[in-house]
Amino acid sequence: CTSGTYSAEGSSGCLDCLPGEHSASNEASECVKCEQGKYSDIAKSSECQGCLPGQYQDSVGQDACKICGKGKYSSSAASASCTDCEGGYFAASAEQSKCDICVIGK
């Protein structure tokens with residue numbers, strides 16, 4: 001079998017890994033679920049991709065990332081959660097990689 005596929009014991013052929021899973025080995029006997037902070041949106045994936053900054057994934061085996069909502073951010077790739085903006089900072093829109101400082105008087 002090629003990467004992105006697997007063959008279970010006693011199987012007569014190779015099967016594709018589903019979205020949210022991957023197999024990097026040519027001799028895989030099962031697919032591995034993508035870990036938190038990562039996803040795979042296609043079948044037959046040989047690796048999972050990290051969520052972009054401003055996004056997160058808090059579950060395993062997913063085919064997409066979630067978006068950090070207003071008032072939250074994630075600054076690094078492959079985040080498993082978003083962080084609340086600290087006092088004096090804000091995120092006016094969703095999918096932010098950082099919070100902006102509040103302007104004096106506002």
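A disulfide is taken here as a pair of cysteine sulfur atoms within 2.5 Å. In this predicted model, the structure holds 6 disulfides. Counted along the chain, the bonded cysteines follow the pattern 1-2, 3-4, 5-6, 7-8, 9-10, 11-12. Cys102 takes part in no disulfide, and the nearest cysteine sulfur, which belongs to Cys85, is 8.8 Å away. Because its relative accessibility is 33%, Cys102 counts as partly exposed.

One of the disulfides is formed by Cys1 and Cys14, with the sulfur atoms 1.9 Å apart. Cys1 lies in the segment before strand S1 (5-6) and Cys14 in the loop between S1 and strand S2 (15-16), so this pair ties together parts that are 13 residues apart in sequence. The link of Cys1 and Cys14 is left-handed, with -100° about the S-S bond.

The torsion about the S-S bond of Cys51 and Cys65 is about -90°, so the disulfide is left-handed. Cys51 has a relative accessibility of 0% and therefore counts as buried.

Cys85 and Cys99 also form a disulfide, their sulfur atoms being 1.9 Å apart. Distant parts of the chain are linked by this pair, with Cys85 in the loop between S10 and strand S11 (89-90) and Cys99 in the loop between S11 and strand S12 (100-101), 14 residues apart. The torsion about the S-S bond is -80°, and the link of Cys85 and Cys99 is left-handed. Residues under 20% relative accessible area are classed as buried. Cys85, at 16% relative accessibility, therefore counts as buried, and Cys99 counts as buried at 15%.

Gln57 is positioned in the loop between strand S7 (55-56) and strand S8 (66-67). At 2% relative accessibility, Gln57 counts as buried. Residues up to four places away in sequence aside, Gln57 touches Gln36, Gly37, Lys38, Cys51, Gln62, Ala64, Cys65, Lys66, Ser79 and Ala80.

Ser74 occupies the loop between strand S9 (72-73) and strand S10 (83-84). Ser74 is buried, with a relative accessible area of 3%. Its side chain reaches the backbone nitrogen of Gly54 at 2.8 Å. Apart from neighbours within four places in sequence, Ser74 is in contact with Leu52, Pro53, Gly54, Gln55, Cys68, Ser79, Ser81, Gln96 and Ser97.

Ser29 is placed in the loop between strand S3 (21-22) and strand S4 (32-33). With a relative accessible area of 49%, Ser29 is partly exposed. Exposed residues are those over 50%. Beyond its neighbours within four places in sequence, Ser29 is in contact with Tyr6, Ser7 and Ala8. The C-alpha atoms of Ser29 and Glu9 are separated by 6.9 Å, although these residues are 20 residues apart along the chain.

Note on methods: Residues are numbered from 1 along each chain as its sequence is written. This is a predicted model: local features need pLDDT of at least 70, side-chain atom pairs count only at pLDDT 80 or more; totals for chains, interfaces and linings use all residues. Side-chain values use heavy atoms; hydrogens and water are left out. Helices (H or I, at least four residues) and strands (E, at least two) are DSSP runs, numbered from the N terminus. Buried means under 20% relative accessible area, exposed over 50%, partly exposed in between (1.4 Å probe, protein chains only). Contact means heavy atoms within 4.5 Å. A polar contact is a pair of N or O atoms within 3.5 Å; within protein, one must be able to donate a hydrogen and the other to accept it, and residues adjacent in sequence count only if both atoms are side-chain atoms.
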